[in-house]
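Subject: Structure handover

Hi,

My notes follow below it.

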2 protein chains.
Amino acid sequence: MKLSQLGEFGLIDVLKRGQSPALQGDCPLPVIGIGDDTAVLPYSKKEYLLLTTDMLAEGTHFTRRMPAVAVGHKAMACSISDIASMGGWPTFAVVSIGIPKDLPVRFIKDIYKGMQKVARQFKVSIVGGDTIKTDKIIINAALLGLVEKKNLVTRDGAKKGDWIFVTGALGGSLKSGRHLNFTPRLGPARFLVENFKPSAMMDISDGLAGDLNHILKASHVGARLDFKSIPRHKGVTLSQALNDGEDFELLFTLSPSQSRRLMQWQEKKKLFYFYPIGTITGNAQEKISSKSFTHF
Amino acid sequence: MKLSQLGEFGLIDVLKRGQSPALQGDCPLPVIGIGDDTAVLPYSKKEYLLLTTDMLAEGTHFTRRMPAVAVGHKAMACSISDIASMGGWPTFAVVSIGIPKDLPVRFIKDIYKGMQKVARQFKVSIVGGDTIKTDKIIINAALLGLVEKKNLVTRDGAKKGDWIFVTGALGGSLKSGRHLNFTPRLGPARFLVENFKPSAMMDISDGLAGDLNHILKASHVGARLDFKSIPRHKGVTLSQALNDGEDFELLFTLSPSQSRRLMQWQEKKKLFYFYPIGTITGNAQEKISSKSFTHF
């Protein structure tokens, strides 16, 4: 069997099977292992440690014609977005870079400049790395973060009746180049966990439809979306908003009473925008089918 | 300028320049950032957190003709060796894998099997990862560890008069395939830090000559080696023992009185073997020139 037949999620399932506690012997136990935006690890009495890793490859995620600074930005910003979606804040990163022999040093310096800029913006210290020789440019960022135990948000807490929100317009990210220069939603995420209690949260990387289904599956619930209320970028169809992915907006669920409070707050303050797009149902069969909407 | 002109260490220097505390603003401060085997980060009252990342690429570090299980073993074992060389023990890992479309799933599963096996052996939990599409196989392991503050060993503490030790025979690692199935020296490292006080330590990845120079540079000292006493694998020349690299033995320095105690201990116990190969001098000009020995 080839990977192309198995698919990425099939592979993750295959790999997870090697992860049963029985096989782990007396390895240290994570609070949460494979399956959420980041791993959640023991840290202090009041905080958990978060750890995530993201790899970008030339030819798959970017080309040499794209601005190297933006490529570096994305390499770091993806991981910051993962940490934000757990309710935490990023702290330290290590970066591995695979560099082709013929690549101008300028390009690598610009990648690093883009990483450093977004790292500083979000108070991340890059504390180490590895550089190796490769045929195509490869960038891997591994990022640590922290989260107060009481503020941790996972994918599996969505409950019947919860409202579903996103933090911004969706769709057309790859075509427009937004996927390269997006701002990780750390501010809105921290605002949310400090003032509300989101029941589930993740960032939208695969597309709203697919990512919402991750929350539904983990939480054993269904959902109904109000398709008209899904915020879209200009010129983007509903299908693109549902399926394009790489938006890196937050997708979260919130109890009805907290949702109403959030709506009132944002009408007054206009600091962040949270768009209600549907509700969680008790019927776990109500998945969001991306295929149903490919003809919109 | 191309990378091939600048060289890896030139690049690391370029990248480190972006790292001045002034530029970091109020980013969290590492205890030790770029420049040692791992980053050293704040953790608890008595312990530091260690973080390292290692990338392996098909074509550079391995080929598809090599056993995939051994490739996976190496991907994880390199990082465990980094943690050991700081005096610590590994805890949690996240793994990114770049997978070509045509690669048999068997190969990836075997890579993962190799990683899991060495991970379990050294009590590492693999808690997350990323899988992406690439042209060649790419594996990145980011590994966390812990070390008691009192047991942390860095590269910069070697002092005049200290003895220089290695933990095993050197040379021919790539040719023999040993680079794929080496055992990280976690046991000897923990034995050392729990019973002695190594003044500097690192693992030998670039070759004894080059790596010893890293210690000498960081510690502002020189060294004299007793070339006859450098343990070599069968059929390996002195030059190969000095320069081949990928040995993943530990290289450390120890005060004269502790060194004599270590020699007495190992004559009695024969549990681990530590080979004295030279001494640290106060003359920082006495670098170990790899070129001087290429004709042995």
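Predicted model: local features only at pLDDT ≥ 70, side-chain atom pairs only at ≥ 80, totals over all residues.

**The D36(A) pairing**

The partner of D36(A) is R155(A), in a salt bridge whose closest N and O atoms are 3.4 Å apart. R155(A) sits in the loop between strand 5 (138-148) and strand 6 (163-166) of chain A, and D36(A) in the loop between helix 3 (21-24) and strand 1 (39-42), so the pair ties together parts that are 119 residues apart in sequence. R155(A) is buried too, at a relative accessible area of 14%. D37(A) joins in: D36(A), D37(A) and R155(A) form a network of salt bridges.

**Salt bridges in chain B**

R155(B) and D36(B) also form a salt bridge, with 3.4 Å between the closest N and O atoms. That pair links two loops of chain B, 119 residues apart. Both R155(B) and D36(B) are buried.

Another pair is K74(B) with E246(B), at 2.4 Å between the closest N and O atoms. K74(B) is in helix 4 (residues 68-84) of chain B, while E246(B) is in the loop between helix 10 (238-243) and strand 9 (250-254), 172 residues away. K74(B) and E246(B) are both buried. Over all chains, the whole structure has 24 salt bridges.

**The interface**

Contact involves 71 residues of chain A and 71 residues of chain B. The buried area between them is about 5900 Å², with carbon and sulfur atoms giving 67%. On the chain A side, M55(A), V105(A) and V127(A) lose the most area, together 10% of what that side buries.

Two salt bridges are counted between chain A and chain B. One joins the side chains of D135(A) and K136(B), at 2.3 Å from N to O. Strand 4 (residues 125-133) of chain A gives the largest share of its contact side, nine residues. By type, that side has 40 nonpolar, 18 polar and 13 charged residues.

**Symmetry**

Chain A superposes on chain B by a rotation of 180° with 0.0 Å of shift along the axis, at RMSD 0.0 Å. That is the relation of a two-fold axis. Both copies use the same surface: 99% of the contact residues of chain A recur in chain B. In chain A, the residue closest to the rotation axis is A142(A), its C-alpha at 3.2 Å.

Best wishes

Definitions and conventions. Residues numbered from 1 in each chain as written. Chains lettered and ligands numbered in written order. Heavy atoms only, no water. Contact = heavy atoms within 4.5 Å. Buried area = accessible area lost by both parts, 1.4 Å probe. Salt bridge = Lys/Arg side-chain N within 4 Å of Asp/Glu carboxyl O. Helix = DSSP H or I, 4+ residues; strand = E, 2+ residues; numbered from the N terminus. Nonpolar A, V, L, I, M, F, W, Y, C, P; charged D, E, K, R; others polar. Least-squares fit on C-alpha atoms with pLDDT ≥ 70 in both. Buried < 20%, exposed > 50% of the residue type's maximum accessible area, 1.4 Å probe, protein only.
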